[in-house]
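This report describes selected features of a single protein chain.

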Amino acid sequence: MEGKNPKISVVMPCYNHEEFVAEAIESVLAQTYQDFEFIVCNNGSTDRCGEIIDRYGDRLHVITLEENNGRRCHELLYEAARGEFLAWIASDDYWYPDKLEAQVEAIRQFPECNIFFAWAEVTGSNLQDVIDRKRFAQKNRSRYKWIQEMIIKGTLMDASSILVRNDGRLLKYQEDIERFRQLTDFKTYLNMVLEEDIYVVEKFLVKHRTHGKNLSVPTMDAMIRTVNERGYITYEIWEQLTDEEFVEAFGEKECGLKAPEDIMCQRMLIYMKLAVNIPGCESYALAYVWRHYFDSGVSELLKSKYGFTKQDLYQYTSETGEGKYWGMVQESERASKRKKYLLEIIRCNNKIITCADNQSLRGELLQLIRKVLDNLRNIGVDDALLQTCVEKQTYLEQLGIVEGIWLELINDISMLNKRLECECGLE
């Protein structure tokens, strides 16, 4: 590794991947293109990673951190890299032998481009079971369409496929990602396409291994963080887009959107539409609309051109965002309490039906029936049969127990009970 700087610096951070790191290293060393240096940072691993990495001797440039520190790990890797381009690989992923060769050819074909990716298969832990061949197999498009696709669909490129010019730009695009835990790649790639074009080698050159230790393993904590991060990042990007970028990515160029207020109307309406299907985005879309509704000329144009009135805004605020989910939780709690209450009434009705033939208990049972019927009305049970029961119960209280009416009332209560059982899912 002495003398002339290599074309490519391959960097690999490693933390507690003793089961996989050897395969990752071997896949790099087996590349058909060999003008590269290979820098590995053992990022405070507490398993056998250090021992495995040391087996490769001077074929690797090894950096060791005593404690796990992701940011410092990346800084040291980038500082050590001498190549014209930087290639990144996770210590649990795998490169096909021609990965670097194919991307170096892409550099030759597109010398004006600084950032390259390749297609990646998502596999199981053994690298053989292919789980997904679509997510990281994206066709090339303009940076504006990358913005659109990523905002709608999320991360579309695999980190272990990246090859980027080693001039500090990767570190620049990662300046603001430390705030996030789950979606650092998503934010990095959005930062990239906001500034420049990228190129994807449309060939499977990487295997993205999934296993129980992936950061993306869908634990409840990870899923909640992902939703929150996705919502905020989308909002931040939406505010950051210039009018020109928005029109290129989302606007109707053929309609001649030129006035700033018209573009803002489009921003608001499209954001509201997209947010319905993007986890975590609805409250941020609402915040965006509130913030910009009274921008100069916007509310007037929303009404005159797009038919979106202040009343529509109020309606939107009652149907979306965190308030909607809070309402759903409240409704769920109310439904749970209602079901619990109905189950008590069902049990009470069953006792009434069971004891109905005992003439000595009918006076007490009639009082109990009145309480049951009152409670059903109080919780909003809307059933014509309930009203029929009330009428018969009132008649019996006023005129005394008439055998025929009593039997009809018990039969009606039995029928009503079956309907309540259906509502509670007991049939």
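Are α16 and α17 roughly parallel or roughly antiparallel to each other? The model under discussion is predicted. In it, helix α16 (residues 384-399) packs on helix α17 (residues 403-423) at an angle of about 150°, and their axes lie 10 Å apart. Angles over 145 degrees count as roughly antiparallel, and α16 and α17 are therefore roughly antiparallel to each other.

**Helix packing around α17**

The crossing of α16 and α17 is left-handed. On the α16 side, the contact is made by Leu385, Leu386, Thr388, Cys389, Lys392, Gln393, Tyr395 and Leu396. The α17 side contributes Ile405, Trp406, Glu408, Leu409, Asp412, Ile413, Met415, Leu416 and Arg419.

Helix α17 also packs with helix α15 (residues 362-378), here at an angle of about 40° and with the axes 13 Å apart. The helices α15 and α17 are therefore oblique to each other. Their crossing is left-handed. Arg362, Leu365, Leu366, Ile369 and Leu376 of α15 make this contact, together with Glu403, Trp406, Leu409, Ile410, Ile413, Leu416 and Leu420 of α17. Trp406, Leu409, Ile413 and Leu416 of α17 take part in the contact with α16 and also in the contact with α15.

**Salt bridges**

Side chains of opposite charge can pair when their charged atoms come close. The structure holds 34 salt bridges.

| Glutamate 236 | Arginine 179 | 3.1 Å |

The salt bridge between glutamate 236 and arginine 179 links distant parts of the chain, 57 residues apart. Glutamate 236 belongs to helix α8 (residues 220-240), whereas arginine 179 is in the loop between α6 (169-173) and α7 (184-193). Glutamate 236 is buried, with a relative accessible area of 18%, while arginine 179 is partly exposed at 45%.

Aspartate 243 is partly exposed, with a relative accessible area of 33%. Arginine 267, by contrast, is buried, with a value of 4%.

Helix α10 also supplies aspartate 262, whose partner lysine 305 lies in helix α12 (residues 298-306), so this pair ties together parts that are 43 residues apart in sequence. Aspartate 262 is buried, with a relative accessible area of 9%. Lysine 305 is partly exposed, with a relative accessible area of 46%.

Beyond these pairs, a network of salt bridges links Arg71, Arg72, Glu75, Glu79 and Glu178.

**Cysteines**

How many disulfides does a search of the whole structure find? The search finds zero. The cysteine sulfur closest to that of cysteine 41 belongs to cysteine 73 and is 3.5 Å away, too far for a bond, because a disulfide requires the sulfur atoms to be within 2.5 Å. Cysteine 41 is buried, with a relative accessible area of 0%. Cysteine 424 is likewise in no disulfide: its nearest cysteine sulfur, that of cysteine 422, is 9.5 Å away. Cysteine 424 counts as buried, at 5% relative accessibility.

Threonine 123 is found in strand β6 (residues 115-123) and is buried, with a relative accessible area of 0%. Apart from its neighbours within four places in sequence, threonine 123 is in contact with Asp129, Val130, Ile131, Lys207, His208, Arg209 and Thr210.

Helix α7 is mostly covered, with eight of its 10 residues buried. These are Phe186, Lys187, Thr188, Tyr189, Leu190, Asn191, Met192 and Val193. Which elements do the buried residues of α7 pack against? They pack against β6, α5 (143-153), α6 and α8. Strand β6, one of these partners, is the strand in which threonine 123 is found, and helix α8, another partner, contains glutamate 236.

Technical notes:
Residues numbered from 1 in each chain as written. Predicted model: local features only at pLDDT ≥ 70, side-chain atom pairs only at ≥ 80, totals over all residues. Heavy atoms only, no water. Salt bridge = Lys/Arg side-chain N within 4 Å of Asp/Glu carboxyl O. Helix = DSSP H or I, 4+ residues; strand = E, 2+ residues; numbered from the N terminus. Buried < 20%, exposed > 50% of the residue type's maximum accessible area, 1.4 Å probe, protein only. Axes fitted to C-alpha atoms, helices over the stretch in contact; angles between N-to-C directions. Parallel < 35°, antiparallel > 145°, perpendicular 65-115°, else oblique. Left-handed = near helix turned anticlockwise from the far one by under 90°. Contact = heavy atoms within 4.5 Å.
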